[in-house]
Amino acid sequence: MSGRLTLHIEKPGLQTTVQDYGRLGCQEQGIPVGGAMGIDLYALANQIVGNEDGEPALEITVAGPKITFEGFGLLAITGADLSPSLNGLPISNGEPISVSTGDCLAFGRVVSGCRAYLAIRGKWPQPQWLGSVSPLNSAGFTENLLRKGSRFTIDTSLDQPRKEISVKGAFPNLRKAIRVTVAPESKYFEGAIVQLLDQEHMVAHESNRMGIRLEGCLSLDQKHEIISSPVFPGVIQLTHSGQPIILMADAQTTGGYPRIAVVDKRQLGQLAQLKPGDKLSFEWNN
Amino acid sequence: MTFEISPYGANHILIQFEQIVDLSVNAQVHAMKIALDQSAWKGVVQVIPAYCSVMVEFDPKMVKQADLLRKIQKLSVDPEEEEQSLLYRIPVCYDGDFAMDMEEVNHITSLSKEDIIAQHCQSIYHTFMIGFLPGFPYLGKLEESLQVPRRSKARTMVPRGSVGLAGSQTGVYPSDAPGGWQIIGRTPIPMFDRHWDKPALLGEGDRVQFFSINSHDFHLIEKDIASGQFNYKSLHVW
């Protein structure tokens with residue numbers, strides 16, 4: 001059976017990108033990992049529609065896009081509740097939803113979270129670079145950043161059957177404390193780590209796919225300079241003013257600020273759901 | 001060769017050599033990177049070198065952190081065995097708008113523009129590491145007379161190809177990016193091209209020497225590159 005679904009992007013939203021798992025293995029050339037900020041929810045969206053693991057999906061940030069469809073297809077949304085609707089009627093996260101010619105998917109106000117993932121059953125046509133579709137501005141790879149008027153067609157004729165899967169977890173759980181563990185400079189910043197663990201923190205406005213900055217500063221036990229050394233998503237750096245930055249998917253590959261802790265990889269998806277003004281806390285993972 | 005080795009989160013290990021910017025320390029980093037790559041241990045995802053540290057990323061489902069720490073500890077590494085790397089000769093135009101901070105560098109160092117260019121072109125630089133931006137080479141060490149602090153306020157946009165100075169380092173911006181290095185010229189040679197098999201021109205350990213060109217030659221080279229006529233092999237000296 002052959003089929004096609006064309007997406008017409010009427011409005012791109014605030015920041016809608018095509019994402020997958022990113023690029024592993026080329027960080028020694030200074031190329032960030034990139035990829036979906038919330039890997040688990042991205043993977044879940046693909047599972048619900050019956051795609052192969054690693055198929056591209058849309059990452060939708062805060063203000064969602066408006067998309068009209070041509071053809072027949074099956075989609076699923078996971079992650080943030082951004083009030084999705086089909087032809088003006090509300091639809092639910094975590095459920096497979098059929099669409100056909102003329103249907104219009106739109107998003108409204110933010111109910112919870114920050115990033116949603118939209119998977120569509122089929123083979124996506126997006127160009128890859130170094131094995132990933134994820135856009136990277138600093139390398140000039142911006143093809144998969146959605147713009148008003150862009151369109152693309154998904155080949156919906158997949159052989160593999162779709163399994164009915166449980167959709168528990170289609171919404172992120174935002175209540176848990178973020179687990180952190182030891183980083184190379186942890187031993188020099190005991191006071192700052194105590195503050196990191198004891199206090200509640202707020203996400204600052206200057207946060208993005210490269211890093212989440214926290215409001216306020218931790219006390220600096222001492223000024224500790226380091227010579228630029230490798231970093232990766234999840235590393236918490238302490239700037240010279242004492243402001244912590246949690247590195248996220250698009251983070252640079254080396255850094256010169258002391259590294260006081262590392263976020264457990266499995267919890268990066270929770271951080272991906274935090275907007276400026278949201279609160280978070282940390283706990284030490286032994 | 002002495003180093004400290006420690007866990008770095010649950011999926012990474014950091015190997016730290018003497019924490020200084022120094023050619024012989026960086027040679028140890030490079031030798032460690034080669035030794036780890038050649039070992040090809042199961043579960044090691046990638047090995048990332050920097051100035052005086054090496055990071056090992058591993059898959060905890062395939063290898064235990066404690067086991068990997070022990071194996072690295074026992075690894076025999078010989079920095080003397082390192083092969084002589086390629087020398088790249090990179091053309092730079094040090095004139096006019098390309099050299100946005102030439103006056104300031106001139107002021108701080110008390111060197112004339114001609115002396116700054118002559119000194120910058122005289123040394124053969126070593127690529128300590130690639131970082132900050134895709135393909136950004138950290139080159140050094142600069143002669144002490146050319147060492148200047150970063151700009152007090154970083155620029156929101158430094159053009160691609162800009163050649164800058166910061167402390168004991170010099171480097172080339174591979175793409176338009178914000179940055180605070182003091183810019184003394186620009187090269188038409190791309191440091192990074194995502195269409196190349198290996199997108200970064202330089203790798204850790206490669207050697208670089210700059211030579212001065214005028215703006216006429218800059219534009220000729222730029223044109224050759226744009227039309228696909230440029231012979232990249234002309235950058236190498238064996």
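1. About 30 Å³ of space lies in the largest cavity of this predicted model. The structure holds one cavity of 30 Å³ or more.

2. Residues from chain A and chain B line the largest cavity. Ile227(A), Ser228(A), Ser229(A) and Arg259(A) stand on one side of the list, and Gln16(B), Gln19(B), Cys52(B) and Ser53(B) on the other. By class, this lining has five polar residues, two nonpolar and one charged.

3. The next point is the interface itself. Contacts join 37 residues of chain B to 36 residues of chain A. Between them the two chains bury about 2,700 Å², and carbon and sulfur atoms account for 60% of that area. Of the area that chain B buries against chain A, 25% is supplied by Tyr8(B), Pro134(B) and Arg194(B), more than by any other three residues.

4. Arg194(B) also takes part in a salt bridge: its side chain meets that of Glu143(A), with 2.8 Å from N to O. The count of salt bridges between chain B and chain A is two. Polar contacts across this interface number 13 residue pairs, with both residues at pLDDT 80 or more.

5. Which elements of chain B give two or more residues to the side that touches chain A? They are β1 (4-8), β2 (12-16), β3 (44-49), β4 (53-58) and β6 (125-130). The largest share, five residues, comes from β3(B).

6. As for composition, the side of chain B that touches chain A has 22 nonpolar residues, 10 polar and five charged.

Notes:
Residues numbered from 1 in each chain as written. Chains lettered and ligands numbered in written order. Predicted model: local features only at pLDDT ≥ 70, side-chain atom pairs only at ≥ 80, totals over all residues. Heavy atoms only, no water. Contact = heavy atoms within 4.5 Å. Buried area = accessible area lost by both parts, 1.4 Å probe. Salt bridge = Lys/Arg side-chain N within 4 Å of Asp/Glu carboxyl O. Polar contact = N/O pair within 3.5 Å; in protein donor to acceptor, adjacent residues only side chain to side chain. Helix = DSSP H or I, 4+ residues; strand = E, 2+ residues; numbered from the N terminus. Nonpolar A, V, L, I, M, F, W, Y, C, P; charged D, E, K, R; others polar. 1 Å grid on protein atoms, 1.4 Å probe; cavity = no way out; pocket = protein on both sides within 12 Å on 5 of 7 lines; lining within 4 Å. Points joined across faces, edges and corners; volume = space filled by probe spheres on them.
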